[in-house]
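Hi everyone, thanks for coming. Please take a look at the structure I'm putting up, and then we'll walk through it together.

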Amino acid sequence: MDKITRCITHDGAVMAAAIDSTETVFTAQRIHNTSPVATAALGRLLTGTSVMGAMLKNPEATINLQVAGNGELGIVTAVANSRGHVKGYVGNPDCTTTYYENGHINVGKAVGRGVLNVMRDEGAGEPYIGKVPLISGEIAEDIAGYYATSEQIPTVCALGVLIDKSGMVLASGGVLLQMLPGAFESDIDRIEENLKDMPSVTRMLAEGMTPLQMAERYLRGYEVDVLDEFEVGYYCNCSKAKLENIIAGMPPAELRALADENGEIKAHCHFCNKEYTFDEADIENMISAKN
Ligand SMILES: [Zn+2]
């Protein structure tokens, strides 16, 4: 099982959440049968969204991130709850062109130019909606940019997915670092100093570092208190009833038109690829429930 560790510096200046998301990204790769560049992009977004979810205060809250670029990958989507459980999908999972640059998969090129949409639903009231231009399409930088622009929180975000030549996920993880209201200019300087010789997340994962060790590496020079540690994973909460709720919103004529030659509607969950069948009786029940 994957794990998130959240910690705070003893002086209350900086908060960090770090994740080992290897199984989550491995699962996503298997569900969506993603090409290496699609695995890297979706994996990074799932990892970042999971950590962002874990930062939500309200237990009922969810967060939805959409990387909407004009590149070959199409739109990449991820949704997480406040326990960091996450699901997602990518518009073009077989994006065949693998862009390599200096031995690294060039996710930014496959994503293209566009925007990062963030929808945070606190479980009550209107959801918060933020939209920022993509900085590089490399996802970690875009998430940090979102926090800086939209929420005015100085943030460092690093994400990494390590994939072997056959496209298999070897390791995945990330770190999200945020300056708290009690932070001084000197704290920003110290973090910037730490970033100068910071190994990449994939390198730290390859060395077998735990989420706590990665967070501590970012917070070098601080005394670090662990806030909590919990298990996370790829999780889809779809059900026939939930999909029925969505479909039943359509006008009766459209509903009937959707049915195939057997009189059935097949609905497919984008997040876990499960397929649900609504037969003639189900469809007529939905229609009569409207009257
Ligand atoms: Zn599902």
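Two notes on what you see. This is a predicted model, where local features need pLDDT of at least 70, side-chain atom pairs count only at pLDDT 80 or more, and totals for chains, interfaces and linings use all residues. Residues are numbered from 1 along each chain as its sequence is written.

The protein chain holds ten helices and 14 strands; these are DSSP runs numbered from the N terminus, helices being H or I with at least four residues and strands E with at least two.

Now find the open sheet: its five strands run in the order E5-E4-E3-E8-E9, with antiparallel pairing. Strands pair if DSSP finds at least two bridges between them. At the edges are E5 (86–90) and E9 (128–133), each pairing on one side only. E8, residues 114–121, pairs with E9 over six bridges, and Met 119 stands opposite Ile 129 in E9.

Next, helix H4. Which of its residues are buried? They are Ala 140, Asp 142, Ile 143, Ala 144, Tyr 146 and Tyr 147. Buried means that 20 or more other C-beta atoms, placed from the backbone, lie within 10 Å of a residue's own. Just after H4, Gln 152 takes a positive phi of about 50 degrees.

Definitions and conventions:
Buried ≥ 20, exposed ≤ 12 C-beta atoms within 10 Å, placed from the backbone.
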